[in-house]
Every structure is written in C-alpha cells, then in structure tokens.
Amino acid sequence: VCAPHANQFIDPSLVMVTTRKLSRYDKSRQVCFVTAESSLKKKFVSLFGRSTGSIPVPRAQDNLKFVDSRIKIYCPDFNDATLIKGKFESKDLPGFTELFKPKSLIGLPNYLGNAQIAEIIDNETLRLSSAFKYKTNEKIKTLLTEGTNFKYAEKIDNSKVFQNVFNHLHTKGCVGIFPEGGSHDRPSLLPIKAGVAIMALGATAADPSMKVAVVPCGLHYFHRDKFRSRAVLEYGEPIIVDGEMGKRYREKPRETVSELLKTVTDSLYAVTENAPDFETLMTIQAARRLYQPLRNKLALPLIVEVNRRLLFGYSKYKDDPRIINLKEMVLAYNKNLDSLGLKDHQVEELKTETKEVIRCLFTLLFRVSR
C-alpha cells in the first residue's frame, strides 16, 4: 500500500522494481497494481498494464456525463452547502427521484469537483455526502449561486474488482494499491480510501487459514517535477490481517474496516513526509540544510527521516514565537536565493557552473528590465 501518489507510471514502476530487489521477498514475485479501468483503455497504458498484471478497477468519476442542459443545480444556502436544489426549464422534465440514485456521483463542469449523493429528498432536492469545495474555489461558489449544468454517473459495483483481488491473494500473489485514489502534487496525503482494508479483510474472511500482510510503502521524490529526480522508497512494518480479523469483518464489517483503515493510515504517515502546505515543506528542507550539525552530506534515507522529524516538531511547536520567527527568516533566505537564481548548496560550495551563471545573469537582467 503506497503513498503519496505523484505519477501514474513512475510510482508503480519504482515500487515493482524495488520490491523485487528486496532479499526478504520472493524475487520472482510481481507486484500487480490496482489500476483505473479508464487508463487501461489507452493503448500504451494497456500494454504496460497487461505486461505487469494490472487489476482494472472501474471508477464512477470516469463515467460522468452531462445531464439534460435544461436541468441545473444550485445551492440555496451555503450554511448548509450539502443541500442542493434543482432548476427545471420545463415541467415535463423528469425530477431527481426519477433521474438519480443514492450513492451515485454528480460533478461540476470543467472538472471543478465531484460529490456523492447521500439522499434524494424529493424531485427538486438532494443532499450530498460532502459539500463541493466552494471555500477554496470562487468559481464553484459562483456556479452554485447562479445555477449550473452538471454531470452524473451511477454508483459502481466493485464486487468483481474485489473478487479479482481476492483470487490474486489466495494464490499468494502480491497486490499493489495507491489508496489515495489518484495522483496529486500536494505536500501531504489525501484521505485514505477504504478499499485496501476491504480487500485484506475480505480475503481472510473467505479463507480463515490465510494471512494477508499489508506493507506500507512511502515514496519520496526530492524533485518530483524534474526528470530523473532522486527518490527514496521506505517500507514500514507489515500489518498482519488474519482469519480472526476476517471473522470479525463478517460480524461487524463497518467497525472492522474503520479499525484497519486507521492502522494503515497511521502506518503510511510513519513512512511519509506530510506538511500542511508547500511553503512549510520548503522551509523545513531549508532549515535542515542550514542546521550546522547536518551540513555534512547525509544518506538519502537519513535526509527523509530528518525532514520527517522536523515536520513533526514544527506541527507541535508552530505557534511558538521563536518558531514563527525562524520560519520567516528561512522564507526570506529562500526568497533572496531565488531572486539571485541560486540554490542553497551553491552557496555552500561558493561556485556555480557556467551555464548557471549565464542563466542567473539573464534572469536578473529580465527582472530589472520589468
């Protein structure tokens, strides 16, 4: 179970290659990743997926299609943003109770967001499981105030997907999954979805004699936006799911899934770096480089561990005036370096490559001319 998910192709390739090299695993074992079915319909991705034994999973968001343009939705009161009303241009148009089903998905245009339908109250009113993120995007609030066209997709039945995973596990296969549900560039994990817990528990519920090891794997790219960035993969302690847990899952599925999901989430946080925002992450990395006892070159795994500990300390003491002042100083330092086109390691070495000097010169001339 791997996170964070930065790239659809590079991430699984790294995990597959690295896992096969680990001596404590069977080197002939192939990690077969759970992959979006829509991706496997693409020619190149399909070839890659088939050759690595990918397990396709359909997603409701891939099936979203626009509803009749004469029907619009709006939010009458943002104090209760989960309540959505409909605008119908004609009385002959079908209502919500005829068109939609609970647990299906509706989406805003231009990929501004999706939300699950929790309840259909009447022909013109429905309630969402969670509100659209209007607080972080003014466009969403504008659309939901004026009324907007929208998309709809019915709930997906994933029983076939789970059965494919169970079959793979029962033959001692190795399944890989990115439980965040999609790739992103955020400095912290997205909410972990319950699929990984259901897969492990369902397999042991079907065969109480088997044990499933859920192995957390943290991916760390030092420059994820650059080609051939350095990366560190960190494996945590396996979480053993046995027949006893499978039995509890049959008796109390919701509680058992929640319990295992929390354990998996905590394990992933233990092997990943999580910052509240990108600015804080940059501050932590600069602070690590500036801290005198750490100025000597460190091994990549140790750099990741130091970053993680600094982030933990920051989250605990971020309101301390000294920490606030330190963050402001480090941010100012980073800003000064950026204005000169320099990196921190170049300051320490007191030298730059010729191409960097030329690039820095033209950058400064361009900024002055503006």
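Visitor: In this predicted model, how far apart are the N and O atoms where the side chains of Lys262 and Asp266 meet?
Guide: Lys262 and Asp266 are 4 residues apart in helix H8, so about one helical turn separates them. Their side chains form a salt bridge, for which the cut-off between nitrogen and carboxyl oxygen is 4 Å. The N to O distance in this pair is 3.0 Å.

Visitor: Which residues of H8 make the contact with H6?
Guide: The axes of helix H6 (residues 195-206) and helix H8 (residues 253-270) come within 9 Å and cross at roughly 115 degrees. This crossing of H6 and H8 is right-handed. On the H6 side the contact is made by Val196, Ala197, Ile198, Ala200 and Leu201. On the H8 side the residues are Thr256, Val257, Leu260, Leu261 and Val264.

Visitor: How many residues apart in sequence are the parts that Lys327 and Glu279 tie together?
Guide: Lys327 and Glu279 form a salt bridge, with their closest N and O atoms 4.0 Å apart. Lys327 belongs to helix H11 (residues 321-340), while Glu279 belongs to helix H9 (residues 278-290), so the pair joins parts whose separation in sequence is 48 residues.

Visitor: Of this pair, is Lys327 buried or exposed?
Guide: The limit for a buried residue is a relative accessible area under 20%. Glu279 has 45% and is partly exposed. Lys327 has 16%, so the class for Lys327 is buried.

Visitor: What is the N to O distance between Arg309 and Glu305?
Guide: Arg309 and Glu305 are both in helix H10 (residues 300-317), and because they are 4 residues apart, about one helical turn lies between them. Arg309 is exposed at 59% relative accessible area, whereas Glu305 is partly exposed at 24%. Their side chains meet in a salt bridge with an N to O distance of 2.8 Å.

Visitor: Which residues are linked with Glu305 and Arg309 in a network of salt bridges?
Guide: By the 4 Å rule, the count of salt bridges comes to 11. Arg309 and Glu305 form one of them. The network that holds this pair also links Glu234 and Arg308.

Visitor: Which residues does Pro56 touch, leaving out those up to four places away in sequence?
Guide: Pro56 is in strand S3 (residues 55-57). It is partly exposed, with a relative accessible area of 33%. Val34 is 22 residues from Pro56 in sequence, yet their C-alpha atoms are 6.0 Å apart. The residues that Pro56 touches are Thr35, Glu37, Leu40 and Val161.

Methods: Residues numbered from 1 in each chain as written. Predicted model: local features only at pLDDT ≥ 70, side-chain atom pairs only at ≥ 80, totals over all residues. Heavy atoms only, no water. Axes fitted to C-alpha atoms, helices over the stretch in contact; angles between N-to-C directions. Helix = DSSP H or I, 4+ residues; strand = E, 2+ residues; numbered from the N terminus. Left-handed = near helix turned anticlockwise from the far one by under 90°. Contact = heavy atoms within 4.5 Å. Buried < 20%, exposed > 50% of the residue type's maximum accessible area, 1.4 Å probe, protein only.
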